[in-house]
Amino acid sequence: MRIGVVGMGNVGLVTAACFSHLGHDVLGLDVDVERIELLRKGQMPFFEPHLEHLVREGIDTGRLRFVLETQALADECEAIFICVGTPPTPSGEADLSQIERLAWNLGSRMDGYTLLVEKSTVPVRTGDRIEKTLRLAGAGDVEVVSNPEFLREGSAVGDTLSPDRIVIGSGSERATKRLLELYDPVIERSGCEVIITDVGTAELIKHASNAFLATKISFINSVAEVCEASGADVETVARGMGMDKRIGRSFLRAGAGYGGSCFPKDVAAFEALGEELGCDMSLLRAVQAINDRAVGRVLDKLRDQLWHLKGKRVAVLGLSFKPGTSDLRESPAMKLVVNLLDEGAEVVAYDPVAMPSAKEVLPPQASFAASPLEAAQGAHAVAVMTEWKEFEELDLKDLRDALDLPIIVDGRNLFDPRRAADLGLTYLPAGRPPVIG
Ligand code: UDX
């Protein structure tokens with residue numbers, strides 16, 4: 001099938017590359033000229049495992065092309081996926097202006113039957129608005145369906161080719177059939193579940209899923225606060241909870257909180273939407289407040305150990321919002337660096353992949369090291385903010401020897417407290433009893 005994908009960001013580019021890998025002909029559209037030129041050369045605008053290989057394969061086979069003109073999609077494609085950004089407005093609502101512009105643009109150019117597929121996370125009832133706009137713009141035979149993505153950065157290719165489920169929100173059999181045809185190779189190889197529902201319900205499945213996962217993280221971070229106050233160990237509490245199949249083990253890792261391009265934005269948007277509809281969304285307000293406190297708790301521990309942060313040298317290990325990605329959006333680590341600099345601390349940061357982009361956005365006072373041990377050299381404390389494997393494999397003895405003061409604040413519970421105690425370190429994990437060396 002001939003497919004168009006609008007927006008060559010994390011979701012769009014992965015979607016385009018995976019569909020072309022599955023044998024479809026794909027046109028990837030973006031307004032960013034530099035990005036399209038880069039992609040035409042097979043180069044990646046961001047780090048995502050296995051993506052470069054699929055993009056190059058698509059270019060070489062001729063099944064994946066990158067364009068700047070909406071007209072090409074309107075002329076050639078039987079299904080067009082909307083993967084443009086829906087960033088938050090200051091009040092937390094999703095900004096849908098890019099989607100609206102696209103609907104006007106496409107609507108005035110389309111003729112013949114086209115399926116428009118919402119993949120970007122959007123508030124419930126956005127599908128109706130898109131359809132209305134397309135018709136106002138002059139589109140003839142067009143249908144809008146919702147097909148939310150559930151891909152995680154760092155494992156986006158695997159999540160797309162072998163998803164847990166495919167959600168199709170559609171108002172007609174014709175549209176559902178076309179989308180099922182498109183996904184046939186994915187369903188065949190992964191045996192995943194398919195849920196077919198109306199557009200609004202599909203839109204809600206996405207928002208509710210992300211809000212629930214964020215709630216799980218904030219729940220365990222709230223338990224971590226109680227553990228710290230009572231001397232209990234959140235890792236064991238989470239393990240004990242997770243053994244109950246109804247609860248499950250995943251997304252119960254306590255620490256410096258969630259970040260990224262989805263959870264913070266989607267939780268805020270879902271809250272704003274519910275409120276607009278007259279619903280009580282206090283649960284999600286609490287989820288966000290707990291998450292905001294999580295970085296503050298790392299900062300408090302540093303302050304508690306070092307008294308004043310002014311003039312203190314702090315090594316920050318990890319800058320991306322999670323391992324396996326260079327994405328810095330809403331990263332707890334970046335918030336910590338900014339807070340430390342604001343309080344007059346000297347920050348030396350290290351991240352295996354995110355430093356080039358961090359250099360562009362952090363204040364010039366932040367400095368960077370070529371390795372975790374170089375960052376720790378002569379520092380008064382180290383804060384671990386992203387659970388990169390490279391940090392997990394560090395020898396705590398080497399870390400202790402590099403530090404000026406043997407203080408580790410572990411925002412991701414990477415290290416073994418007993419080993420820290422044996423080495424005489426002061427080790428402050430999240431929601432676990434501290435080790436005071
Ligand atoms: C998320 C959803 O998982 C995905 O389905 C959706 O499509 C997009 O948003 P992503 O943002 O890539 O994906 O990251 P994810 O792996 O879900 O982690 C999000 C954040 O939660 C990270 O900052 C991570 O460090 C944090 N996290 C995750 C925890 O703090 N504890 C956990 O137990 C799990």
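Student: How are α9 and α12 oriented to each other?

Tutor: Happy to, and keep in mind that this is a predicted model. Start with the pair you asked about: the axes of α9 and α12, the helix of residues 282-306, cross at roughly 45° and come within 9 Å. Angles from 65 to 115 degrees would count as roughly perpendicular and those under 35 as roughly parallel, so α9 and α12 are oblique to each other. The crossing of α9 over α12 is left-handed. On the α9 side, the contact is made by A211, A214, T215, S218, N221, S222, A224, E225 and E228. Facing them from α12 are L284, V287, I290, N291, R293, A294, R297 and K301. Sorted by class, that contact holds 7 nonpolar, 5 polar and 5 charged residues.

Now stay on α9 and look at its other partners. Helix α11, residues 263-276, packs against α9 with the axes 9 Å apart and an angle of about 115°. The α9 residues involved are L204, K206, H207, A208, N210, A211, L213, A214 and I217, and they meet F263, D266, V267, A269 and F270 of α11. The class count for the α9 contact with α11 comes to 10 nonpolar, 2 polar and 2 charged.

α9 spans residues 199-230 and α10 spans 234-242; their axes cross at roughly 135° and come within 9 Å. Angles must be over 145 to count as roughly antiparallel, so α9 and α10 are oblique to each other. This time α9 passes its partner in a right-handed crossing. F219, I220, V223, A224 and C227 of α9 touch V234, V237, A238 and M241 of α10. That contact of α9 with α10 has 9 nonpolar residues, with no polar and no charged ones.

One last stop, away from the helix pairs: the ligand. It has 19 residues around it, and the nearest are F150, E153, R253, G259 and K322. A backbone N or O atom of F150 sits 2.9 Å from a ligand oxygen atom. For F321, a backbone N or O atom is 3.0 Å from an oxygen atom of the ligand. R412 uses its side chain instead, with an N or O atom there 3.5 Å from a ligand oxygen.

Key
Residues numbered from 1 in each chain as written. Predicted model: local features only at pLDDT ≥ 70, side-chain atom pairs only at ≥ 80, totals over all residues. Heavy atoms only, no water. Axes fitted to C-alpha atoms, helices over the stretch in contact; angles between N-to-C directions. Helix = DSSP H or I, 4+ residues; strand = E, 2+ residues; numbered from the N terminus. Left-handed = near helix turned anticlockwise from the far one by under 90°. Contact = heavy atoms within 4.5 Å. Nonpolar A, V, L, I, M, F, W, Y, C, P; charged D, E, K, R; others polar. Near = heavy atom within 4 Å. Polar contact = N/O pair within 3.5 Å; in protein donor to acceptor, adjacent residues only side chain to side chain.
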